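Trainee: I would like to go through this model step by step. Please start with the terms and then take my questions.

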Amino acid sequence: MSNTAEQALRRLELTVTRRLDGLLHGAHQGLLPGTGSEAGDSRVYVAGEDDVRRMDWAVTARTTIPHVRDLIADRELETWALADLSPSMDFGTADSDKRDLVVAAIGAIGFLSSRMGDRFGALVIHDEYVHRMPARTGRPALYGLLHSLMDAPRGSIVDDPPDLAEGIDILNATRRRRGLRLIVSDFLDAHPDLDPDAERPWERPIRRLAARHQVLAVEVIDPRELELPDVGRVAFADPETGNVREVHLSPKIRQAYAEAAALQRESTRLALRRAGVAHLVLRTDRDWVFDVAQFVLRQRRMSHLAHRRPSA
């Protein structure tokens, strides 16, 4: 490992362990408070909030009041990440490229889970393949995984590259044991449908994945993907196909672009919501540590409210 990469990974680990782990200080909890697999205490069933599949029939029959059994999270889990390193992730006009946020997001969850002894593996969409890095425990294995992501060359134009839906299908078939599944991508489609109610190509695969695992979708965006500057004539190059087109950025063009970008992001948000997965947005012009911490604290607060015992 080169000295530059080693120093970058050490800075990332210090950022996670000092800033992020400090903001999330508390008992053993994952980034997404989940159901786990071990049986815990029984409590009164709350209609509309609790899963009827966790009904404790013995206590219900004994008390004549519906009860559910809480589940305790495993102390050793297996986390898998799907990293999108397609050519569109090599773009960035602010503090970093989008692929830098891919490494940061995977590193944050990897370092936090490795402190708990969890295994961590990854699938990487790059060029014409979906590469597999087996799940291992320990800091050296995580360092090797992150170094492989940092050292990966920029995406090249290929004839039939794997899309996000294919990567999610492979992630779903990788390991059947329940755990956290992380998907880091810009969720941009080759042929986007700007109808927010339309089904996205990756929506059905991610819904199948969420039926068995906890899923966290990290959407990585750059501010220039949301609005264009007033700079006159610009040559745009499609990183996925290599096509180049010159466009004069008139106020009308810029407004139409901003409206289309907003519709595309809204359709992504609604699709992930329909799939029932957690959604975290990271931007290249924002502090990703703060955004991750705020997201986790919000998820824990919502989980606490959902599982709080109702008053008499």
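Mentor: Buried means under 20% relative accessible area, exposed over 50%, and partly exposed in between, with a 1.4 Å probe and protein chains only. The model is predicted: local features need pLDDT of at least 70, side-chain atom pairs count only at pLDDT 80 or more, and totals for chains, interfaces and linings use all residues. Residues are numbered from 1 along each chain as its sequence is written, and side-chain values use heavy atoms, with hydrogens and water left out.

Trainee: Is Glu 266 buried, partly exposed or exposed?

Mentor: Take its relative accessibility, 29%. Buried needs under 20% and exposed needs over 50%. Glu 266 therefore counts as partly exposed.

Trainee: Which residue forms a salt bridge with Glu 266?

Mentor: A salt bridge is a side-chain nitrogen of Lys or Arg within 4 Å of a carboxyl oxygen of Asp or Glu. Here the closest N and O atoms are 2.6 Å apart. Both partners lie in helix α7 (residues 251-275), three residues apart, about one turn of the helix. The partner of Glu 266 is Arg 269.

Trainee: How many helices and strands are in the chain?

Mentor: Both are DSSP runs, numbered from the N terminus: helices are H or I with at least four residues, strands are E with at least two. The chain has eight helices and 10 strands.

Trainee: What sequence separation does the salt bridge of Lys 98 and Glu 225 span?

Mentor: The two side chains meet at 2.5 Å, N to O. Lys 98 is buried at 0% relative accessible area, and Glu 225 is buried at 12%. Lys 98 lies in helix α3 and Glu 225 in the loop between β7 (214-221) and β8 (233-237), so the pair ties together parts whose separation in sequence is 127 residues.

Trainee: Which residue forms a salt bridge with Asp 189?

Mentor: The N to O distance is 2.8 Å. Both partners are buried. Asp 189 meets the side chain of Arg 200.

Trainee: How many salt bridges does the count come to?

Mentor: Some share partners: Lys 98, Asp 186, Glu 219, Glu 225 and Arg 265 are joined into one network. By the rule above, the count comes to 17.

Trainee: Are α3 and α4 roughly parallel or antiparallel?

Mentor: Axes are lines fitted to C-alpha atoms, for helices over the stretch in contact, and angles run from 0 to 180 degrees between N-to-C directions. The axes of α3 and helix α4 (residues 139-151) come within 10 Å and cross at roughly 175°. Angles under 35 degrees count as roughly parallel, over 145 as roughly antiparallel, 65 to 115 as roughly perpendicular and the rest as oblique. The two helices are therefore roughly antiparallel.
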